[in-house]
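Please have the sequence and the 3D view open as you read.

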Amino acid sequence: MSESVDRRTLLKGAAASAAAMNPLAEAFAAQSDGLQFDPPVPFTYDLFKSQARERAHGPYIAPSRPAPEILQKINYEEWGKIRYRDDFALFANGPGRYPVTFFHLGLFFQKAVRMHVVEGDMARQIIYEQSYFDMPANSPARDLPEGAGFAGLRVQEARDGLLDWRKNDWVAFLGAAYFRAIGELRQYGLSSRGVALDVAVADRPEEFPDFTDFYIDSAPDGDTMTLYALMEGPSIVGAFRFLMTRGKGVVMDIQAAMFTRAQVSRFGIAPLTSMYWFSETKKETAIDWRPEVHDSDGLAMWSGNGERLWRPLNNPPRIMVSAFLDNNPRGFGLLQRDRVFDHYLDGVFYDRRPSLWVEPLPGPSGGGWGKGSIQLCEIPTDDEIHDNVVAMWVPAEPVPAGAEVNLNYRLHWLANEPYPSKLAVVWATRLGRGGQPGQPRPKGVRKFMVEFLGGPLGELPFGVKPDLVVSTSRGTFGPYQLIEAVPDGVAGHWRAQFDLIVTGTDPVELRAFLKSGGETVTETWMFQYHPF
């Protein structure tokens, strides 16, 4: 008998012994006969956090990259040919309601990630086996050493649901500390991640910590699944707990305890990462055959004082970071408001991409997130393959070395924000040449047309026009302004036009909203204009 068979026999014996003492473990052992495990070790969330805290006092050890010369050969095409076998899905037959499958290592995902299953107050590591995956006979992945490891995981739809779980997943963790979920339109899009460290800081590179270990709770809990993740990088160690609920979309309650090894200048909390190439706002001539290409089209903010803000996204000429000061924000998110297929004409369904909203929750000692800013980083891009937008909360004070940051927050992966404003929302932002139709167009003048929709605008009496309130950080407004109902027959659809006269190429910060009868009737439009 071979050594590997001896090991499997011993592990199955250990599992059987544990099952005899634990009914949950017995159910688990019955459905996981094909997977191989290490012996169980103690696991609780408090113990998990304590271990993360202790780990932060030691030196950083990078995740292993098994056989890098082989991983280099598993390019995107070869990686795409490797499929996890449904027969080996964790919880394929219970006790967890949502089966879990795993991603293989490859050229773009070279760091091995350890997977564990939690049963009560014990956890067991899943041992990588090549037999878990279907792959071509000549796949370079066949040359990887035994126990190479996994790259990430995805959570499949419920076994007892209407959808075939083998063909449908709703959460994926893959690459560094990134994770994604589908929205209510059943489409992946933008991502979140555990933390963003020193994004766009001039004197140091951005750091990308990794989720190195996942602990998957096997206990059934209705529509909710519990997942724990250990995150580590040179400057930080984090212990995360995800309570992920599959409903209309996906809601994640996240509890995070993060311990810093080194000071971080820009400590990005609950970071959202998306792609914005171009839209109806601004598009270079013949850059692409499609009218628009973006995963998100704007940053929505609900400030601590109750103000609703909308900042359309840009593809700027250089890296730009905008900071919106606040105290205990109520929420923010990167949204995809444009849901019209004809505005994209693409088979990758940009019109179905989810919106992602961050809702701060009271921390372990109560209270909110305190003083800081919602920061938006926009990076130039010339293609849709690059995630070039980051939105995050950054505390007012830099986080020093040796700090402990404890946070609770909720992520809503939906079609729109979870707590819609009663005000009219910004529906579109368009730029054009200044001046009036039929008249010579003056140089250096840019026209802005901002569309608002819904809310109190739909209740205005016939013949009553709202008033435009607009301001700029520099430049002056031209004499030509127009507020009119959009002639599309949709109640409450209005547009405001104004001209901006500005010189130079420095960015211009614009704000505008509509009022009626002395009351604000729309959210506040904010835009960063780059003269060209």
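What volume does the second largest pocket have? Let me start there, keeping in mind that this is a predicted model.

1. The second largest pocket has a volume of about 400 Å³. Its lining is made up of 25 residues, and those nearest the centre are Lys282, Glu284, Asn315, Pro316 and Pro317. At least two lining residues come from each of strand 18 (276-278) and strand 35 (524-529). Sorted by class, 13 residues of this lining are nonpolar, seven are polar and five are charged.

2. Now turn to the largest pocket, which holds about 1700 Å³ of space. Look for Tyr76, Trp79, Phe109, Leu174 and Arg180, which lie nearest its centre among 47 lining residues. Among the elements that give two or more residues to this lining are helix 5 (76-80), strand 9 (169-174) and strand 10 (178-181). The lining of the largest pocket has 24 nonpolar, 14 charged and nine polar residues.

3. Four strands form an open sheet in the order 28-29-32-31, and their pairing is antiparallel. Strand 28 (425-433) and strand 31 (476-485) are the edge strands with a single partner strand each, so one side of each has no neighbour in the sheet. From one strand to the next, the twist averages 15°.

4. Finally, take a look at one pairing within that sheet. Strand 28 and strand 29 (residues 445-453) run antiparallel and are joined by eight bridges. To find your bearings there, pick out Gly432, whose bridge partner in strand 29 is Lys447.

Note on methods: Residues are numbered from 1 along each chain as its sequence is written. This is a predicted model: local features need pLDDT of at least 70, side-chain atom pairs count only at pLDDT 80 or more; totals for chains, interfaces and linings use all residues. Side-chain values use heavy atoms; hydrogens and water are left out. Two strands pair if DSSP finds at least two bridges between them. Axes are lines fitted to C-alpha atoms, for helices over the stretch in contact, and angles run from 0 to 180 degrees between N-to-C directions. On a 1 Å grid over the protein atoms alone, a cavity is a set of points where a 1.4 Å probe fits but cannot get out, and a pocket is an open set with protein on both sides within 12 Å along at least five of seven lines; lining residues have an atom within 4 Å of a point. Grid points are joined across faces, edges and corners, and a volume is the space filled by probe spheres set on the points. Ala, Val, Leu, Ile, Met, Phe, Trp, Tyr, Cys and Pro count as nonpolar, Asp, Glu, Lys and Arg as charged, and the others, Gly among them, as polar.
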